[in-house]
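User: I am new to this structure and would like to learn how to read some of its features. Could we go through them one at a time?

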Amino acid sequence: MSEFTPLRSVLYMPSSNAKALEKAKTLPIDAVIFDLEDAVAPDAKPDAREAAAAAVGSGEYGRRTLTIRVNGLGTEWHDADIAAAAAAGPDAVVVPKVNSAAEVQQLVAALEKAGAPDHTRLWAMIETPIAILDVLSIARASERLSCFVMGTNDLVKELYAEHVPGRAPILPSLHTALLAARAAGIAILDGVYNDVKNTEGFLAECQQGREMGFDGKTLIHPGQVEGANAAFAPSEQAVADARGLIQAFEDGQGSGVVTYNGRMVENLHVESARRTLSIDEAIRSLQA
């Protein structure tokens, strides 16, 4: 997966729901998580597994990033899920409650033993206190690991915390995971927003996640897609400023201090501007 694969909007879809899988083909989402875990009842899991694999292989989802969330290590469905996901060859396999580097290595070994193609990455869900405390070693455990997915509902539960606007009880955990992801050079996705009818609260949390540095947000309802796409994409003004800053820097090289719109421009600003343009280009490519 390239560094700038857009992951602004990543929607969980229950693989036991045929209508949901069909709906995902029409939504302007960057990625789909075909879910075999929380959204699927125990007696429906075998059929959901087959449906997720079929969806990945259908070729009907365009350029969207396609992932399968398996049931966690130690559950009765995990081994069969891993085998089916590896055979289907999605862009990534999402695993809940990854708690250690050793578990990452175990998961990667299982995927490779089951014949997962090289392009199939591992996305680790970070949703427990022990995972937060060991998050850098998890991030660096395997080159196949390419993304963290924050499981904020479970994290709140395990901390005995509360869901409050602004998420103060879990901000240290979110930031710790962000630090580890950036140190390891992997992507990181913000957790879900539960109150699907509270648009204002959702948009505020998207803005917070973007300002913190997340690459995108996991979603539980199609109505959240548009807001996430807008929040995690560079604005037209940001793109114009990035182009202007780079041009000013290139024009002013060798002349001492370079300024753009009255502010001094250094290499670090140019790197940020180039990243903004790369993200914008990747998003436009996805929409083409």
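Predicted model: local features only at pLDDT ≥ 70, side-chain atom pairs only at ≥ 80, totals over all residues.

User: How do the residues of the lining of the second largest pocket divide into nonpolar, polar and charged?

Analyst: To read a lining, sort its residues by kind. Here the lining of the second largest pocket holds eight nonpolar, seven polar and four charged residues. That pocket has a volume of about 350 Å³, and 19 residues line it.

User: Which residues lie nearest the centre of the second largest pocket?

Analyst: Look for V164, P165, R167, Y193 and E205.

User: Which helix gives the most to the lining of that pocket?

Analyst: That is α9, with four residues. Both α7 (152-158) and α9 (199-212) supply at least two lining residues each.

User: Now to the rings. How many aromatic pairs are there?

Analyst: Rings pair if their centres lie within 6.5 Å, and planes over 60 degrees apart count as edge-to-face. By this rule there are two aromatic pairs. One of them joins F34 and Y61, with 5.4 Å from centre to centre and 75 degrees between the planes, so this pair is edge-to-face.

User: Where in the chain do F34 and Y61 sit?

Analyst: F34 belongs to strand β2 (residues 31-35), while Y61 is in the loop between α2 (45-57) and β3 (65-69). The two are 27 residues apart, and their pair links distant parts of the chain.

User: Are F34 and Y61 buried or exposed?

Analyst: Both F34 and Y61 are buried.

User: Which residue lies over the face of W77?

Analyst: That is K45, at 4.8 Å from the ring centre of W77.

Methods:
Residues numbered from 1 in each chain as written. Heavy atoms only, no water. Phe/Tyr/Trp six-rings, centres within 6.5 Å; stacked < 30°, edge-to-face > 60°. Buried < 20%, exposed > 50% of the residue type's maximum accessible area, 1.4 Å probe, protein only. Lys NZ or Arg CZ within 6 Å of the ring centre and 35° of its normal. 1 Å grid on protein atoms, 1.4 Å probe; cavity = no way out; pocket = protein on both sides within 12 Å on 5 of 7 lines; lining within 4 Å. Points joined across faces, edges and corners; volume = space filled by probe spheres on them. Nonpolar A, V, L, I, M, F, W, Y, C, P; charged D, E, K, R; others polar.
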